[in-house]
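Please walk me through this structure.

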Amino acid sequence: MHAKKLDKLATAVLYTIAGIIVAILASLILYILVRGLPHISWSFLTGKSSSYQAGGGIGIQLYNSFFLLVITLIISVPLSMGAGVFLAEYAKKGPVTNFIRTCIEILSSLPSVVVGLFGYLIFVVQFEYGFSIISGALALTVFNLPQMTRNVEDSLKHVHHTQREAGLALGISRWETVVHVVIPEALPGIVTGVVLASGRIFGEAAALIYTAGQSAPALDWSNWNILSVTGPISIFRQAETLAVHIWKVNSEGTIPDATIVSAGSAAVLLIFILIFNFGARKLGSYLHKKLTAA
């Protein structure tokens, strides 16, 4: 009887803790959405921002956020996949591997503002990329690469060793086993990690203030030159993202409707982050069934 009472008490405590966490998360989401959704309109989502007049939109900032996300993923996903596969499948236990993992742990614990200052000194000043999308993408790669690498490694390690043995028993090489057997099995976890990292990239502000810049110049949608500072696909132009715009609006206080703009922007940012997180499960499950015939 005593053991049953303790079990019921422990279960009640765990459910209470879980309920508190869910309540806190739900209250934060509802608070942001209730304050911001009434101010969201098509003109707000597509209009140009204003530094001094009321009624500005977030069209360019929203586009910059997505474009920067795509460039960052193009750089960071192959690097994290390569590093994760090496650590999980090929790296032998020893001081070198332990040193690499220690470096990953240290990098993953660095504050984003420190990474931003590093990106400013290296990419903006030393490499002379200036405040640009490529500087911001490289800084965010440094910021997210450790977490993404660790996620890929953990996902691959959770694949049962019998999967590898089955592939090798069929006479295929170790590399082919990794590519055609192990990675498809680990793909749901990898995709989930990439999507979560996408949410961090989409909502990051501190690192981009020092690298991507704090202005959103007008874009010439007829100019598709990748090197032009006015081209929408240029990686060498300044790009104020949505998260940076929220920080700038609240810190400068020059816009009469700054509270409305920041509330609407925060709601849009939260909605897309929720889409990333909920979409991760569906995409991971679909890819797992598609590639493993499960």
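Arginine 164 is found in helix α7, residues 161–169. Helices here are DSSP runs of H or I of at least four residues, strands are E runs of at least two, and both are numbered from the N terminus. The model is predicted: local features need pLDDT of at least 70, side-chain atom pairs count only at pLDDT 80 or more, and totals for chains, interfaces and linings use all residues. Residues are numbered from 1 along each chain as its sequence is written, and side-chain values use heavy atoms, with hydrogens and water left out.

At 18% relative accessibility, arginine 164 counts as buried. Buried means under 20% relative accessible area, exposed means over 50%, and partly exposed lies in between, with a 1.4 Å probe and protein chains only. Leaving aside neighbours within four places in sequence, arginine 164 is in contact with Glu89, Leu156, Lys157, Val159, Thr177 and Val182. Contact means heavy atoms within 4.5 Å. A polar atom of the arginine 164 side chain lies 2.8 Å from the backbone oxygen of valine 159. A polar contact is a pair of N or O atoms within 3.5 Å; within protein, one must be able to donate a hydrogen and the other to accept it, and residues adjacent in sequence count only if both atoms are side-chain atoms. Phenylalanine 66 is 98 residues away from arginine 164 along the chain, and their C-alpha atoms are separated by 37 Å.

Now turn to helix α6. This helix covers residues 133–157 and has 25 residues. From first C-alpha to last, α6 reaches 34 Å, close to the 36 Å expected at 1.5 Å a residue. The expected span is 1.5 Å times one less than the number of residues. α6 bends by about 45° at asparagine 144, and proline 146 follows within four residues. The bend at a residue is the angle between axes fitted to the seven residues ending there and the seven starting there. Of the 25 residues of α6, 18 are buried, so the helix is largely enclosed by the rest of the structure.

Salt bridges come next. The structure holds 5 of them. A salt bridge is a side-chain nitrogen of Lys or Arg within 4 Å of a carboxyl oxygen of Asp or Glu. One of them pairs arginine 101 with glutamate 153, the closest N and O atoms being 2.6 Å apart. Arginine 101 lies in helix α4 (residues 95–108) and glutamate 153 in helix α6, so this pair ties together parts that are 52 residues apart in sequence. Arginine 101 is partly exposed, with a relative accessible area of 25%. Glutamate 153 counts as buried at 6% relative accessibility.

Glutamate 153 also forms a salt bridge with lysine 157, with the closest N and O atoms 3.2 Å apart. Lysine 157 and glutamate 153 are 4 residues apart in helix α6, so about one helical turn separates them. Lysine 157 is partly exposed, with a relative accessible area of 47%. Elsewhere, lysine 248 and glutamate 240 meet through their side chains in a salt bridge of 3.8 Å, N to O. Lysine 248 counts as buried at 16% relative accessibility, and glutamate 240 at 3%. Salt bridges that share partners join Arg101, Glu153 and Lys157 into one network.

Two serines of helix α3 follow. Serine 65 sits in this helix, residues 59–90, and is buried, with a relative accessible area of 3%. A polar atom of the serine 65 side chain lies 3.0 Å from the backbone oxygen of glutamine 61. The backbone nitrogen of leucine 242 lies 2.9 Å from a polar atom of that side chain. Not counting residues up to four places away in sequence, serine 65 touches Phe202, Thr241 and Leu242.

Serine 76 also lies in α3 and is buried, with a relative accessible area of 0%. The serine 76 side chain reaches the backbone oxygen of threonine 72 at 2.7 Å. Beyond neighbours within four places in sequence, serine 76 is in contact with Thr141, Leu145 and Met148.
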